[in-house]
Amino acid sequence: MRLQPDNILLIGSILLLISVLAGKAIRRLGVPTLIFFLLVGIAAGSEGIGGIAFDNAAFAQFIGIVALNFILFSGGLDTNWRHIRPVFGKGLSLSTIGVLITAGTVALFMHYVFGFTLAEGALLGSVVSATDAAAVFSILRGKGVGLKGPLQPMLELESGSNDPMAYFLTITFTAIVAGESTSATNMLLAFVREFAIGGALGYAMGRVSVWIINRIRLGAEGLYPVLTLGLAMFTYSFTHYLGGNGFLAIYLCALIMGNSAMLHRRSLTRFYDGQAWLMQIILFLTLGLLVFPSRIYPIAAMGLAISAFLIFVARPLGVFGALAFANVNTRGKWFLSWVGLRGSVPIVFATYPLLAGIAKADLIFNLVFFISVTSVLLQGTTLSYVAKKLRVAVPESARRRIDPAFEAQDHIRGSMSEVLVVPGAPAIGKRIVQLRLPASVTILAVQRHGQYIAPNGSTLIQDGDQLTLLAENSDTISQLRDWHFGKARSPLPPA
């Protein structure tokens, strides 16, 4: 069976439904559902029961790039800067120095054990150096495991920021293996150029995007996700066109947008979370279709050896090397070493050697696929067990004291008060988003002329409004009264 315009929607919808509905059952085994989506794609492929012929690496790479843009953008929107700021240096070290050490160690292993050239070994190491924290957190949440201290924000930051480094190394060593000559100086200059352009444009587009969304009047709320999508894709593609790192730019742009006072920020975050899941499913199904199991079996022994080396040697060396001078205890470092799961990103990056036509491209792609699957199956199923053994998991008794409905929010707020907007108050005539309220404060309702209004960021504050505020404490509300509203009534009982 071949994918045709008249059957692609039917086949796609069937695979999507099978993946989502059956994936719920396999999640209970502790295996990320995304791996199941990959297996569904393999089963539907030309060597599976579906018999769908698909061998288009260029199309798979295009889908992969689009999907990674959605995933990185969603991750940036959902990342709380206050949480990652204390561990920013550590996370950045993991995503740069850690990636370099991991890739270099794998390169030496492939050279001395399997006879790869150092460049070929570095290419394979670069491809598998990126981790997939989305798979990690799906397992932890499925098993109800919380992490102590800074481990979770470190993993969150590393997962969003190590893809650009792995991409740069993959593109660089693909070119070297393909015969392009370069020097260490040129590589360093290319690195500085890519990351400087990517960082600058990502930051600038983040600020510009917030400014546009807050000031444009589209009339229909449903157009804001479309506008945001256009801004996000422009950020990636324009950065890439100028020679910068597009993955870094789109993640940084989303990080700024998600931590700024922006209209419809929460609804956009929820929307793109759903889109990221859809893209991950489509990506894994596509990569599954691209794989031929008959080509995997002959390299299984080599794949197991590389996977074992990566899990037990290369990743720990990368973590301990990157955090050598950081204030992280040994148990935390060992856990970070164990959660270096490989997922969709290495498989997407493995398509670059395929399209470049280098000698070992097929072997590298099949090895990367095997390594990614075995990594998730071994580390994924034992993640919660390792967290408990290393005593980095939050005790179950402590987790029960936290209401799950509030655990997903930015803060746990506990004081509610009604605030009266008096004549001449600075807030009059401003939209809520322009007040720049602290992240710990939420306006639950606006009472105006005897009627209640459900507010959003574009709601204008008027003279005589009574606002119901929810905050961490009554002192915060008292400060807001003085700054914006002018007068407050007695606090209501704590929420």
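A charge sits over a ring if NZ of Lys or CZ of Arg is within 6 Å of the ring centre and within 35 degrees of the ring normal. Lys360 lies over the face of Phe116 in this way, at 5.2 Å from the ring centre. The model is predicted.

**Charges over rings**

- The Lys in question is Lys360, and the ring below its charge belongs to Phe116.
- An Arg takes part in a second contact of this kind: the charged end of Arg295 sits over the ring of Phe292, 4.1 Å from the ring centre.

**Aromatic pairs**

- The structure holds 19 aromatic pairs.
- One of them joins Phe109 and Phe309, and this pair is stacked because the ring planes are at 15°, where stacking calls for planes under 30 degrees apart. The ring centres of Phe109 and Phe309 are 4.1 Å apart.
- This pair links distant parts of the chain: Phe109 lies in helix 5 (residues 88-114) and Phe309 in helix 14 (residues 300-322), with the two residues 200 apart in numbering.
- Phe109 has a relative accessibility of 16% and therefore counts as buried. Phe309 is buried as well, with a relative accessible area of 16%; the cut-off for buried is under 20%.
- Phe271 and Tyr272 form an edge-to-face pair, with 90° between the planes and 5.0 Å from centre to centre.
- Within that pair, Phe271 is partly exposed, since its relative accessible area is 34%, whereas Tyr272 counts as buried at 2% relative accessibility.
- A cluster is linked by ring pairs and consists of Tyr167, Tyr236, Phe247, Phe349 and Tyr352.

**Strand 2 and its partners**

- Strand 2 spans residues 442-448 and is mostly covered, with five of its seven residues buried.
- Strand 4 (residues 466-471) pairs with strand 2 in the antiparallel sense, over five bridges. In this pairing, Val446 stands opposite Leu467 of strand 4.
- Strand 3 (residues 451-453) also pairs with strand 2 in the antiparallel sense, over three bridges. Here Arg448 has Gln451, in strand 3, as its bridge partner.
- Strands 2 and 3 form a hairpin with two residues between them. His449 is in the turn and has a positive phi of about 55°.
- As a general point, side chains in a regular strand alternate between the two faces of the sheet.

Terms used
Residues are numbered from 1 along each chain as its sequence is written. This is a predicted model: local features need pLDDT of at least 70, side-chain atom pairs count only at pLDDT 80 or more; totals for chains, interfaces and linings use all residues. Side-chain values use heavy atoms; hydrogens and water are left out. Rings of Phe, Tyr and Trp (its six-membered ring) pair if their centres lie within 6.5 Å; planes under 30 degrees apart count as stacked, over 60 as edge-to-face and the rest as tilted. Helices (H or I, at least four residues) and strands (E, at least two) are DSSP runs, numbered from the N terminus. Buried means under 20% relative accessible area, exposed over 50%, partly exposed in between (1.4 Å probe, protein chains only). Two strands pair if DSSP finds at least two bridges between them.
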